[in-house]
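Here is a friendly note to read alongside the picture. Please keep the sequence and the structure open while you go through the points.

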Amino acid sequence: KKLTAELNEIIGKNPQTRVIGPNCFGIFVADNSLDTTFAEKRKMNYPRFGNVAFMSQSGAMGVTVLDWVSTQQFGLSKFISYGNAMDVDEADLLKYLSNDPKTKVISVYLEGVKEGRKFMHIAKKTSASKPIVVLKGGVTEETHAATASHTGSLAGSAQVYEALFRQTGIVQARDMLELFVLSKILENAPLAKGKKVLIITNGGGFGIATADQVIQKGLELAKISEKNAKKLRAAFPSTVTIRNPLDLVGDADDNRYEIAIEAAINDKNVDMIMVLVLFNTPSIDRNIVSKIISLRKKCRKPMLVLSIGSKYTDERKAELEKGGVVTFNYPSGAAIALKGLYDYSKFRKYAR
């Protein structure tokens, strides 16, 4: 208490000097390597530069994420651990990041807010132009009290925060993996006009399992237009049934994928495209990577690639990511990402 009082006194005497913390891990700026963190450097790596900013009320969560993101296919623009927020709070940071040209998406680990009305006003204004993804700590009854004592913030009920997030256009993540799954799609994909998804696959079971996730997460399966269905029937062998999931079957090659994806891009019934690729089938070679990258560049709809495998598959996915194509490992993560994108797109449509 004595140290807190002394800090408050110093801050009060120097209002032009903004203070982050105390009880924080520091900041890291990827493009110029500004680093005020105090981690054991030999025990961790730092992420490459990217367009997602991450701010964390918890220093421990912050250092964990900072190290983990270095292993992923995306980077960070800025990392900010802000702790007890005696001066600069979460709303101030949102306002700063909303004006940062190097940040496309703001991801947040939040336990509570200092000033509810201030946060709500700034968050809603920010969401109107830039996505915010929040993982709220302390949503269960058992952890609710811990958030208040941890960083001295207003915990509030989980239901109140969920309502706040909906009203301000914030996309809520349910765990740490979701936080960056959602950030990843929001960083790279255009806004979605609707929630109808077309799944294109060369593995029937993989497509069906993914379709289940799409529906369970609150999206819909698109119905291919009759005009496109007729074109696809003429282009594909009889083993390919024109439905959703669109199963190109196990002997599909890159040309078959190209025809299917182009049809999806031009189909008004399709709002989002999920391209499932089993890279280890005999007919698929590295040509499919360049074709998907080329198609993605001219596609104004959200499009992602979903694939599971080992080294060869991971190498192809890394090439896709480098070419601007968002990839995922699991159907659930891909479906969550598209649902979050749809929810945010709906908010943006009506944001004033």
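1. Let's begin with residue classes: Ala, Val, Leu, Ile, Met, Phe, Trp, Tyr, Cys and Pro count as nonpolar, Asp, Glu, Lys and Arg as charged, and the others, Gly among them, as polar. With these classes, the lining of the largest cavity divides into seven nonpolar residues, one polar and one charged.

2. A word on where this comes from. This is a predicted model, in which local features need pLDDT of at least 70 and side-chain atom pairs count only at pLDDT 80 or more, while totals for chains, interfaces and linings use all residues. Residues are numbered from 1 along each chain as its sequence is written, and side-chain values use heavy atoms, with hydrogens and water left out.

3. Now for the cavity itself. Searching the whole structure turns up one cavity of 30 Å³ or more, and the largest cavity has a volume of about 40 Å³. Here a cavity is a set of points, on a 1 Å grid over the protein atoms alone, where a 1.4 Å probe fits but cannot get out, and lining residues have an atom within 4 Å of a point. Grid points are joined across faces, edges and corners, and the volume is the space filled by probe spheres set on the points.

4. Which residues line the largest cavity? They are L198, I224, N228, L232, L246, A260, A263, A264 and D267. Two elements, α9 (226-235) and α10, each give two or more residues to this lining, and α10 gives the most, with three. Helices (H or I, at least four residues) and strands (E, at least two) are DSSP runs, numbered from the N terminus.

5. Look next at how α9 and α10 pack: the angle is about 170° and the axes are 10 Å apart. Axes are lines fitted to C-alpha atoms, for helices over the stretch in contact, and angles run from 0 to 180 degrees between N-to-C directions. The two helices are therefore roughly antiparallel to each other (over 145 degrees; under 35 counts as roughly parallel, 65 to 115 as roughly perpendicular and the rest as oblique). N228, L232 and A235 of α9 make the contact with I259, A260, A263 and N266 of α10, where contact means heavy atoms within 4.5 Å. By class, this contact has five nonpolar, two polar and no charged residues.

6. Helix α10 (residues 254-266) also meets helix α11 (residues 287-298): their axes come within 10 Å and cross at roughly 10°. So α10 and α11 are roughly parallel to each other. On the α10 side, the contact involves D254, N255, Y257, E258, I261, E262 and I265, and on the α11 side N287, I288, K291, I292, L295 and K298. Six of these residues are nonpolar, two polar and five charged.

7. Finally, check the backbone in two loops. A cis peptide bond joins G21 and P22, with omega about -5°, and P22 is in the loop between α1 (2-13) and β1 (26-29). N23, in the loop between α1 and β1, has a positive phi of about 60° although it is not a glycine. The peptide bond from N244 to P245 is also cis, with omega near 5°; P245 sits in the loop between α9 and β10 (246-247).

Technical notes. On a 1 Å grid over the protein atoms alone, a cavity is a set of points where a 1.4 Å probe fits but cannot get out, and a pocket is an open set with protein on both sides within 12 Å along at least five of seven lines; lining residues have an atom within 4 Å of a point.
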